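Please consult the sequence and the structure alongside it.

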Amino acid sequence: MKKQYSTFIIDDDPIFVLLFKKIIEKSERFDRVQNFPDGQYAIEELIKMVDNGNVLPDIIFLDLNMPNIDGWQFLDEVQKHSFIEKLNIYIVSSSIDNHEIERAKRYKSVKNFISKPISLDFFEKYELLN
């Protein structure tokens, strides 16, 4: 049996979230998936998890373009917290702008920049959780 992981999907596109959840389900690697429509809700949940002594998600999949708190603002905000060292963030974006890819590399917690769309071979292609 494969080890089970937990994840946050931070993305405001309900169609992407639905399809990505299906891919995650087929991977049989995650036992807990939470999604958030913007970074603010995710930050609040991370703080609550730390305050309650709960385990943080193994991976966070983060979109950049969202209302309220976008992906960049999320990254800037979590940098202020001590739990940043425990986060593994994968940016999943429809952007292929080299400037954004280079900017993402400046964040220690960002492990990779992945361009949408996501396919069924996603986990093997990016060597996640191997």
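Q: Leaving aside neighbours within four places in sequence, which residues is Asp-11 in contact with?
A: This is a predicted model. Asp-11 lies in the loop between β1 and α1 (14-27). Leaving aside its neighbours within four places in sequence, Asp-11 is in contact with Phe-16, Val-17, Phe-36, Pro-37, Asp-63, Met-66 and Lys-116.

Q: Does Asp-11 count as buried or exposed, and why?
A: The cut-off for a buried residue is under 20% relative accessible area. Asp-11 has a relative accessibility of 2%, and therefore it counts as buried.

Q: Which backbone nitrogen does the side chain of Asp-11 reach?
A: A polar contact requires a pair of N or O atoms within 3.5 Å. At 2.8 Å, the side chain of Asp-11 reaches the backbone nitrogen of Asp-13.

Q: What is the order of the elements from the N terminus on?
A: The chain contains 5 helices and 5 strands. From the N terminus on, their order is β-α-β-α-β-α-β-α-β-α.

Q: Which members of the largest nonpolar core touch the most other members?
A: This core has 26 residues. Two or more of them come from each of β1 (5-10), α2 (39-51), β3 (59-62), α3 (71-78), β4 (89-93) and β5 (110-115). The members that touch the most others are Ile-10, Leu-46, Ile-60, Phe-74, Leu-75 and Leu-87.

Q: Leaving aside neighbours within four places in sequence, which residues is Ile-60 in contact with?
A: Ile-60 is among the members of the largest nonpolar core that touch the most other members. With neighbours within four places in sequence left aside, its contacts are Thr-7, Phe-8, Ile-10, Leu-46, Phe-74, Leu-87, Asn-88, Ile-89 and Tyr-90.

Q: How many residues does the second, separate core have?
A: Phe-20, Ile-24, Phe-61 and Val-92 are included in this second core. Its residue count is 14.

Q: Which elements do the buried residues of α3 pack against?
A: The buried residues of α3 are Gly-71, Trp-72, Phe-74, Leu-75 and Val-78. They are on the same side of α3 because they cover an arc of only 160 degrees around the axis. The elements they pack against are β1, α2, β3, β4, α4 (98-104) and β5.

Q: What radius of gyration does the chain have?
A: For 130 residues, a compact globule would have a radius of gyration near 14 Å. The chain agrees with this, at 14 Å.

Technical notes: Residues numbered from 1 in each chain as written. Predicted model: local features only at pLDDT ≥ 70, side-chain atom pairs only at ≥ 80, totals over all residues. Heavy atoms only, no water. Core = buried A, V, L, I, M, F, W, Y, C linked by side-chain atoms within 4.5 Å. Buried < 20%, exposed > 50% of the residue type's maximum accessible area, 1.4 Å probe, protein only. Helix = DSSP H or I, 4+ residues; strand = E, 2+ residues; numbered from the N terminus. Contact = heavy atoms within 4.5 Å. Arc of directions from axis to C-beta. Polar contact = N/O pair within 3.5 Å; in protein donor to acceptor, adjacent residues only side chain to side chain. Rg over C-alpha atoms; globule rule 2.2 N^0.38 Å.
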